[in-house]
Amino acid sequence: MQPRNMSMSGVVDLAAVKAAGEAKAKAEQARAEAARQGGTAAVPPSALVIDVDEAGFERDVLQRSAEVPVVLDFWAEWCEPCKQLGPLLERLAVEYHGRFLLAKIDVDANQMLMQQFGIQGIPAVFAVVAGQALPLFQGAVPEAQIRETLDQLIAVGEERFGLTGIAVDAEADPSAPAPRPAGPYDSLLEAAMVALDAGDLAGAVQAYKNVLADDPAHPEAKLGLAQAELLARVQDLDLDPGAVRRNAADDPADVTAQLAAADLDLAGGHVQDAFGRLVETVRRTAGEDRDAVRLRLLELFEVIGSDDPRVTAARQALARVLF
């Protein structure tokens, strides 16, 4: 196994035309073959996290990376930050439902892999996409940053290589934990709905945040929070929406004006206009301004839902301007 150059230009390297074309063709061929055989069998959630060693790297990582991005978690038993990062990555692997595969590599037992990837410290997280390796981050970073990185990785894998992930069947895993009962959150979700009906947007936002404080992946609360925060922002803009749009048109470099206009676009049903405006603003900005616009765009994705084709297209456009 010979990993690619591990410089921070890794994602840019993924755009190599030949590699992208070959990987995309392989993915399409695999999907076509699976369709002829009645479809690819879904895997249980437990299969989304695997232990990998040097002997199995070719099979478990390089070959699998032709169908799904493989995230590599280099860890060791004595590494305290690894004990924080590892369980978080495992939870996200299940939550992302087959959009990436997590491969855990014990550096004490796999010194050659550690040397070949040029790892100086752990935890260290890399990815392999279509046989090409790239660094993601090192150390125990915040969950929000990890999610952004994974979203960008998945978007690049799909856009550049046609990788659509692997099917997951939660019911196929008898050892999987039972779904969390909805009961404990019924009252909080009901309180959020009551607050929305009463026009108490701040109250709705807080109710959804109360759910997410205990269960950060709760889908209904994530969607509700994104919608309530959007409504709260737009409520302030309703005083003079015409002025908001004029300000955005007059000064494309005004990030605040572009964010406000995008909120109005989305609230008014002009989803593609909102996404396009923010993607273009990401392209022309840098530093903190770019981060602010990118985060707002991710929030608006939550409002529409990740399965919406407009969100998929916007994620791909975002990946192009970022990388």
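## Basis of the model

Because the model is predicted, local features need pLDDT of at least 70 and side-chain atom pairs count only at pLDDT 80 or more, while totals for chains, interfaces and linings use all residues. Residues are numbered from 1 along each chain as its sequence is written, and side-chain values use heavy atoms, with hydrogens and water left out.

## Overall make-up

The protein has 14 helices and five strands, where helices (H or I, at least four residues) and strands (E, at least two) are DSSP runs numbered from the N terminus. Of its 323 residues, 45% count as buried, a term that means under 20% relative accessible area with a 1.4 Å probe, protein chains only.

The five strands form an open sheet with mixed pairing, in the order 1-3-2-4-5; two strands pair if DSSP finds at least two bridges between them. At the edges lie strand 1 (49-51) and strand 5 (132-138), each of which pairs on one side only.

Within the sheet, strand 2 (residues 70-75) and strand 4 (residues 124-129) pair in the antiparallel sense over five bridges, and L72 stands opposite F126 in strand 4.

## Residue Q152

Where does Q152 lie? It belongs to helix 6, which covers residues 143-161. Q152 is buried, with a relative accessible area of 18%, and, leaving aside its neighbours within four places in sequence, Q152 is in contact with R294, L322 and F323, contact meaning heavy atoms within 4.5 Å.

Definitions and conventions: Buried < 20%, exposed > 50% of the residue type's maximum accessible area, 1.4 Å probe, protein only.
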